[in-house]
Amino acid sequence: MVHATTNAVGHLAEWQARAGTLPAILADVLAVCAQNGVNERECGDVLDLLAMLGCDAHTQAAALWFEIARTHPLAWEQRASALPEELQRLVAGQMAAERVWALHAQRQPEGGSEGLRRLLLAIIRDLRVVFILLARQLARMRAASTLPESERQELARLTRDIHSPLANRLGIWQLKWELEDLAFRYLQPDTYKRIAKLLDERRGDRETFIREALAELGQALQAAEIRADLAGRPKHIYSIWKKMQRKALEFSDLYDIRAVRVLVDSVGDCYAALGVVHALWPHLPGEFDDYVARPKSNGYRSLHTAVIGPFGKTLEVQIRTHEMHRANELGVAAHWRYKEGGSGDAEFEAKIAWMRKLLEPRHDEGELAKELQTELLEDRVYVLTPKGEVVDMPHGATVLDFAYHVHTEVGHRCRGAKVNGRIVPLTHQPHSGDRIEILTAKLAEPSRDWLSTHHGYLHTSRARDKVRAWFRRSAHEANLAAGRALFERELKRLAIPEADFAKLPALFNLQTHDELLVALALGEISPGQVSRVLQESQQPAEPPGVPLATARPTVFDHSAISIEGVGNLLTVLARCCQPLPGDPVRGFITRTKGVSVHRANCASLARLARRDPDRVIDVSWGQAAAQAYEVTIQLNGYDRKGLQKDVVGLISNANIGIIASSSRLFARTGEVEMRYTLRVRDFEQLSALLDRLAALPNVVEARRVGAG
């Protein structure tokens, strides 16, 4: 770890003078800087700030290599390939960020969020880039007074819109306050000077007051045997103005212009010191915040209270431990140490995930630029169009969702997609940074399968609504026919016997069977929902389902089957027809296994009934039916490499157990028939599985095996 002197003057020469004591990777780039000539003050300032943040030598070296790449590209090209991959990645992140700054300068004030999203794409690969960006921006802002007015204004807007919010989310308060104050100074110079003048005019009185308050509080803490370090807390001009705006107050009405900070050894001492403060001076109601028990989203921890202090003047008191203070001042940099090689460190990965989370927009950060104020209801992914434009979508969105996001007509005509130059299926879920190209046909022909949630083509309701609207514009008879085909296919593939479906539309709050079929065609009701309602309408209400059993039971809980007119009897599910909850069922009293439960239309049961009609009894599904049941499914299709692996993987991912399997290959035609005996929970789970299996390449049909 490299440390700089406390009073940094921002000149690179001081670092070059100490090159012999620095890590080789940093000493080497310092020598290159000396040979080529760089902005010594800015580079030295950046190194000082990175050292203050505790950044490693690779991070510091990357900051200098970027400056060389920017100002002396030939020198960079000659040496870049010989540098460690880690350094090259850190420099590439800074280069990407520079493109963001150019984009930010070009956009209109009411522009969208493209600039920030490009920044996120640039820095998410390695978050150390963030520290370099913040340090360099602060160094530039410190020297901004020498720039032309237009450049100074743009630099200040960039700081306000991007760098200050990033420093805030990472909790790096030392950089945040200075970035905010400098941006405010250049963007609103008159207001800045007015507040600064008010502060200067009262500086003498304020310093006298602070000395008196520190003396009184120090004596009280000493009497309570609490060891503490006390100091007056500087108030930043931007935060003063922001509070005046937020609370509609005049400068004279602010209570925290006068503030002290108390640093103690432990959390217990924090609350003990708080008691001393409130016993010493009257507490102002409504002006207490406990960020120790409930830290801020960026990890900030401290006790804040306001009191009426000496001379009857208001005083803000902040109380925290030394460790909290260190973490609050430096944010994530205070407890972040970069791993030297290796991988698979769970704690290390958790910290990366946590830091990334901090970079996401927050609802309570009203000072952010407009692009940061949109409500974030879920994680987002940031992808690129072929032209490099950024599109953000919800996590889980597919390339087909992307097509509809670009334009409704692009979605309707979508027939394929490329991600980073590679063809992918329409169900592919891209990651942040992926570049997506949509392949279109001349005619708009959306597929009804896109509306099925089981197939996974569309994740966003916005895209699904566009597909529904397209089909609504189609002829009513076409929708009716498509819905009828879906309905009949569902009954057939789940081997549901013909029954009276007259009551089915009412269960979906619809009037007629035709309305139900049209809703099916438009994807407003899924086939799986129909299966579930059919099941529930034919059995008593059940308690929530239990997890699938991992072992294959041969005897089921007697409460899963209700036997009319008979007490507790042993029950087994017939292997010949494998009934599921929701199937019409009847029982047959066996000689040794109790009651064998069959589907009502089971051919085996019919034969048994002809032979011994007195042993056939009425049964129904009981309250414990929500467990695991055996069912056999059959897949027909054309053989290909990896087909069975894909089928088994899909079944496994659905948390469905495989009890037995078999397959037959017809070599002459290349056709394949596969059968799997599974343990499923109910019709809905089975319907969803059959949907996914039927969508696999080379699978022509997936259905439940009917009664034997």
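**Entry 1: the ring cluster**

I began with the aromatic side chains and found that ring pairs link F184, Y192, Y238 and W241 into a cluster. I note here that the model is predicted. How many aromatic pairs does the count come to? I get seven for this model.

I then took the pair of F184 and W241. The cut-offs explain the label: planes under 30 degrees apart would be stacked and over 60 edge-to-face, and the rest are tilted.

Next I looked up where the two residues lie. F184 belongs to helix 10, which covers residues 173-187, and W241 belongs to helix 13, residues 237-247. The pair therefore ties together parts that are 57 residues apart in sequence. Are F184 and W241 buried or exposed? I find F184 buried, and W241 as well.

W241 has another entry, since Y238 and W241 also form an aromatic pair. I read 5.9 Å from centre to centre and 40 degrees between the planes, and this pair is tilted. Both Y238 and W241 lie in helix 13, three residues apart, which is about one turn of the helix. Y238 is buried, like W241.

**Entry 2: a charge over a ring**

I looked up K176 and W177. The charged end of K176 sits over the ring of W177, at 3.8 Å from the ring's centre.

**Entry 3: L64**

I moved on to L64, which I find in helix 4, residues 57-71. Is L64 buried or exposed? Its relative accessible area is 1%, so I list L64 as buried; the cut-off for buried is under 20%.

Which residues is L64 in contact with, leaving aside neighbours within four places in sequence? I wrote down L12, L26, V29, L30, C33, C43 and L47.

**Entry 4: the whole protein**

Last, I took the totals. The protein has 26 helices and 19 strands. It holds 708 residues, and buried residues make up 50% of them. I put the accessible surface at about 34,000 Å², and 51% of that belongs to carbon and sulfur atoms. Of the contacts between residues at least 6 apart in sequence, 69% join residues at least 24 apart.

Methods
Residues are numbered from 1 along each chain as its sequence is written. This is a predicted model: local features need pLDDT of at least 70, side-chain atom pairs count only at pLDDT 80 or more; totals for chains, interfaces and linings use all residues. Side-chain values use heavy atoms; hydrogens and water are left out. Helices (H or I, at least four residues) and strands (E, at least two) are DSSP runs, numbered from the N terminus. Buried means under 20% relative accessible area, exposed over 50%, partly exposed in between (1.4 Å probe, protein chains only). Contact means heavy atoms within 4.5 Å. Accessible areas come from the Shrake-Rupley method with a 1.4 Å probe; for residues, only the protein chains shown count as cover. Rings of Phe, Tyr and Trp (its six-membered ring) pair if their centres lie within 6.5 Å; planes under 30 degrees apart count as stacked, over 60 as edge-to-face and the rest as tilted. A charge sits over a ring if NZ of Lys or CZ of Arg is within 6 Å of the ring centre and within 35 degrees of the ring normal.
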